[in-house]
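Here are my notes for your first look at this model. Keep the structure open and check each point as you read.

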Amino acid sequence: MRALLLLMLPALQPTQLGMPRDEPGPKMCLCPEAVQRHVWCEVHNVGLLAGVKITSPLLFEVLDAHGHQADPNFIPCAACRKHYDTGGFCPDCRIGYVNHLAYMSPLTYHLALGKHTDPAILDCAACRANASSYGWCDRCRRGMAGNVAYTDNAEFNIAIVEFKRLLVAIEKMPTCDGCSVAIMCDGQCWYCKKQYRDTRDVPKEATPDSDR
Ligand SMILES: [Zn+2]
Ligand SMILES: [Zn+2]
Ligand SMILES: [Zn+2]
Ligand SMILES: [Zn+2]
């Protein structure tokens, strides 16, 4: 898995990582571009993922929203090589593939299967309202997870599980951004050592591995 990450190209740019740039010069507000893509705005110090504001550079960096080019000859996992061609998610590696690009989490993979849509151009008030959080509109047969639109109801229902997880992580961000990261990856906060599973803080004894 680590080896695979190292083979992913191109190298991440500091701006994509949400890190401040060293060189001086006028910064540009990238917030308006959030209707087309996930973006970090250096002027407002905010990341926009599916149009949802993320003020923690750490969380935004870890979410690693954009697709990575990968050379299928160097992908060590057979399931991943297949998904690289056909599209799909490998649960073992936790990497998904859309249009020959690799996405490093279930959230970013499922968001890549939807379509960035400017809520202002939606002609349905219910869909516009859904874009401010999430929801499915039966009349338009359109689901919105933030500003990412879905026409496939089944895909939408899978995507919002991960999207809701993001909203929980964002709520946690002001308290501890390590916890917000741990919520996204079902992991442990490296600051307060809390362990998370399905967005909940679980005592170590309650994990299935240590049941008996
Ligand atoms: Zn901005
Ligand atoms: Zn794999
Ligand atoms: Zn609608
Ligand atoms: Zn924490």
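**Notes on the zinc sites, sheets and cores**

1. Start at cysteine 192. Its relative accessibility is 36%, so cysteine 192 counts as partly exposed. Remember that this is a predicted model. Now compare cysteine 176. Its relative accessible area is 12%, which lies under the 20% cut-off, so cysteine 176 is buried.

2. Which residues coordinate the zinc ion (ligand 4)? They are Cys176, Cys179, Cys189 and Cys192, each through its SG atom, at 2.1 to 2.3 Å. Cysteine 176 sits in the loop between helix 6 and helix 7. Cysteine 192 sits in the loop between helix 7 and strand 12 (195-197). The two are 16 residues apart, and the pair links distant parts of the chain.

3. Look at the geometry of that site. The angles among the 4 donor atoms of the zinc ion (ligand 4) run from 96 to 128°, and the site is tetrahedral. For four tetrahedral donors the ideal angle is 109.5 degrees. Along the chain, the donors of ligand 4 follow the spacing C-x2-C-x9-C-x2-C.

4. Move to the zinc ion (ligand 3). Its protein donors are the SG atoms of Cys124, Cys127, Cys137 and Cys140, lying 2.2 to 2.3 Å from the ion. Angles of 105 to 114° among the 4 donor atoms make this site tetrahedral. The donor residues of ligand 3 are spaced C-x2-C-x9-C-x2-C in sequence.

5. Is cysteine 137 buried or exposed? Cysteine 137 is buried, because its relative accessible area is 6% and buried means under 20%. Cysteine 140 has a relative accessible area of 25%, so cysteine 140 is partly exposed.

6. The order is 8-11-10-9, with antiparallel pairing. Strand 8 (115-116) and strand 9 (134-137) are the edge strands, and each pairs on one side only. Strand 10 (residues 142-145) pairs with strand 11 over 3 bridges, in the antiparallel sense. Find glycine 143: its bridge partner in strand 11 is tyrosine 150. Helix 6 packs on this sheet and touches strand 9, strand 10 and strand 11. The direction of helix 6 makes about 160° with that of strand 9.

7. Strand 2 (residues 46-49) pairs with strand 3 over 3 bridges. Glycine 47 has isoleucine 54 as its bridge partner in strand 3.

8. Finish with the nonpolar cores. The largest has 30 residues, and those with the most contacts inside it are Leu49, Ile54, Leu59, Leu63 and Leu166. Elements that each supply at least two residues include strand 3 (52-54), helix 2 (57-63) and helix 6 (153-172). Helix 6 gives the most, with 7 residues. Isoleucine 54 touches residues including Trp40, Leu49, Phe60, Leu166 and Met173. Apart from this core lies another, of 11 residues, among them Cys80, Tyr84, Tyr97 and Met104.

Notes:
Residues numbered from 1 in each chain as written. Chains lettered and ligands numbered in written order. Predicted model: local features only at pLDDT ≥ 70, side-chain atom pairs only at ≥ 80, totals over all residues. Heavy atoms only, no water. Core = buried A, V, L, I, M, F, W, Y, C linked by side-chain atoms within 4.5 Å. Buried < 20%, exposed > 50% of the residue type's maximum accessible area, 1.4 Å probe, protein only. Helix = DSSP H or I, 4+ residues; strand = E, 2+ residues; numbered from the N terminus. Contact = heavy atoms within 4.5 Å. Donors = N, O, S within 2.8 Å, 3.2 Å for Na, K, Ca; no water. Tetrahedral: all angles 85-135°; square planar, octahedral: opposite > 155°, others 65-115°. Pairing = 2+ DSSP bridges. Axes fitted to C-alpha atoms, helices over the stretch in contact; angles between N-to-C directions. Lists of a residue's contacts leave out its neighbours within four places in sequence.
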